[in-house]
Amino acid sequence: MLGFSFFRCYNALMNKFPQDFFWGAATSSHQVEGGNIYNDWWQAEEKHQLKEASLSACEHYKLYPQDFAIAKELGHNCHRFSIEWSRIEPREGDFQPQAIQHYRQVIAELKAKGMEPVVTLHHFTNPVWFSEKGGWTNFKLQKYFLRFVEKITAALAAEVKYWITINEPLVYSSHAYLLGAWPPKQCSLWQTAKVTLNLAQTHIKAYRIIHRIYREKGLPGPLVSIAANLQAFEICRPTLKNKLARYLRNKLYNFYFIELLLRKKTLDYIGVNYYSRNLIDTRHWGVRSLLLETCQENHHPLRKNSLGWDIYPHGLYKLLISLKKYNLPVFITENGICTGDDDLRWDYIREHLEETLRAMEEGVRVAGYIYWSLLDNFEWDKGFGPRFGLVHVDYPTQKRSIRESARKLAEVIKSGAII
Ligand code: GCO
């Protein structure tokens, strides 16, 4: 009986998120700022290579103070955003002090509102001049990105503690170089492998640069990571092929990149972007089948977001548990849903928070939860259709309306408990 009540007390205690937990939402420059005319996405949009053009997006470059006021009203104490390299360096070597100043002001605005900035340095876009030289397929071009990292870190170090060097390296390399969906729209396994390796090397070097600058400035150490896109790989049927496919996909898509960086001691925490499940049903022994084939039979159906992705909160729990062995804090740097049904959005958020809390109760050190996204925005090759925002954006008028799900999340943030 004693054991039981002790367990209950312990549980009651733990059924709450800690007081110093980070709560926030994320955006990325090209998806919200509008007018990013010097990057490779804008160029592809101009050439009609994509479904829709980002144009003025959410006009967040101008409207960020009002957007941050909304985030504050919703109780957020952190905010993730990205710095647009093509604004800082629109032409090779031509650094724009007023663009750097803009991001200084963004950070000052966040801090004034009590929100910790989480700064991403690469979120899928590149300056046109960089991509025209060969972009991430050329290892020699790392130096350009690293020079940008050096400049930005030197300018912002005093105000920033949390850095994300590269957002979803594998999603970027596969969409841009294997699936041909994103600029430069290539379909080559060889280029994909090169780009992936290049991004890993670049992170390692960027990590060291950022740390060196903090040391030189005598500042307390920063916390630097990537945002890794992790998927829950589940099998339809327990066949040997499926089990092998699950093993390989976990290794290759979820853990390989992280482990590479860990071996070089260049992750201070693990940034996790989690959205969905990948249901495996492999018919053949070939590499293609083992690595790519998904279930087409609608086995084990689940609720879906408006892009058809499975909603699978338990996958987050399982992944968090599997990260425990690395013994590093985990930061959920993205988790979210695009849907026209705001009740479903709230269910999605609540269930993912429940699974997060469970993992925390089992010893996973989760530092915070960042929802994707603060605003409805430009969802890359899918255009403006999918609506991920806590805040609805009416694009013709740029009017913001806070969704009910955002208010419910605000109550959780306030009390620390899931209602
Ligand atoms: C990504 C990015 C975001 C997306 C979000 C929804 O994961 O692709 O980090 O830019 O918009 O994930 O797909």
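The model is predicted, so local features are given only at pLDDT of at least 70 and side-chain atom pairs only at pLDDT 80 or more, while totals for chains, interfaces and linings use all residues. Residues are numbered from 1 along each chain as its sequence is written, and side-chain values use heavy atoms, with hydrogens and water left out. Helices (H or I, at least four residues) and strands (E, at least two) are DSSP runs numbered from the N terminus. Buried means under 20% relative accessible area, exposed means over 50%, and partly exposed is in between (1.4 Å probe, protein chains only).

**Salt bridges**

- The whole structure holds 27 salt bridges, each being a side-chain nitrogen of Lys or Arg within 4 Å of a carboxyl oxygen of Asp or Glu.
- Lys 133 and Glu 92 form one of them, at 2.9 Å from N to O. This pair links distant parts of the chain, 41 residues apart: Lys 133 is in the loop between helix H7 (128–132) and helix H8 (142–156), and Glu 92 is in the loop between helix H5 (85–88) and helix H6 (97–112).
- Lys 133 is partly exposed at 36% relative accessibility, and Glu 92 is partly exposed at 40%.
- Lys 111 pairs with Glu 159 at 3.8 Å, N to O. Here helix H6, which holds Lys 111, is linked to the loop between H8 and S4, which holds Glu 159, across 48 residues.
- Lys 111 counts as partly exposed at 35%, and so does Glu 159 at 39%.
- Glu 150 meets Arg 212 in a salt bridge, with the closest N and O atoms 3.1 Å apart. Glu 150 sits in helix H8 and Arg 212 in helix H10, 62 residues apart.
- Glu 150 has 31% relative accessibility and is partly exposed; Arg 212, at 27%, is also partly exposed.
- Arg 237, Asp 281, Arg 283 and Glu 297 are joined in a network of salt bridges.

**Surface patches**

- Patches are made of residues with over 30% relative accessible area and no salt bridge, joining like charges within 9 Å and nonpolar side chains (Val, Leu, Ile, Met, Phe, Trp, Tyr) within 5 Å.
- A nonpolar surface patch brings together Leu 240, Leu 244, Tyr 247 and Trp 285, with about 470 Å² of accessible area together. Accessible areas come from the Shrake-Rupley method with a 1.4 Å probe; for residues, only the protein chains shown count as cover.
- Tyr 247 belongs to helix H11 and is exposed, at 51% relative accessibility.

**Buried parts and contacts**

- Helix H9 (residues 169–177) has 7 of its 9 residues buried, so it is largely enclosed by the rest of the structure.
- The buried residues of H9 include Tyr 172 and Tyr 177. The buried residues of this helix pack against strand S4 (162–167), helix H10 (189–216), strand S5 (223–235) and helix H11 (240–263).
- His 76, in the loop between helix H4 (60–73) and strand S2 (78–82), is buried at 5% relative accessibility.
- Not counting residues up to four places away in sequence, His 76 touches several residues, among them Trp 23, Met 115, Leu 374 and Ile 413. Contact means heavy atoms within 4.5 Å.
- Ile 418 lies in the segment after helix H15 (404–415) and is partly exposed at 21%.
- The C-alpha atoms of Ile 418 and Asn 15 are separated by 8.2 Å, although these residues are 403 residues apart along the chain.

**Backbone spots to look at**

- Most residues other than glycine have a negative phi, and most peptide bonds are trans.
- The peptide bond from Pro 183 to Pro 184 is cis, with omega near 5 degrees, and Pro 184 is in the loop between H9 and H10.
- Trp 372 and Ser 373 are also joined by a cis peptide bond, with omega about 10 degrees.
- Leu 55 has a positive phi, near 45 degrees, and is exposed at 53% relative accessibility.
- Glu 168 has a positive phi of about 40 degrees and is buried at 8%; its place is the loop between S4 and H9.
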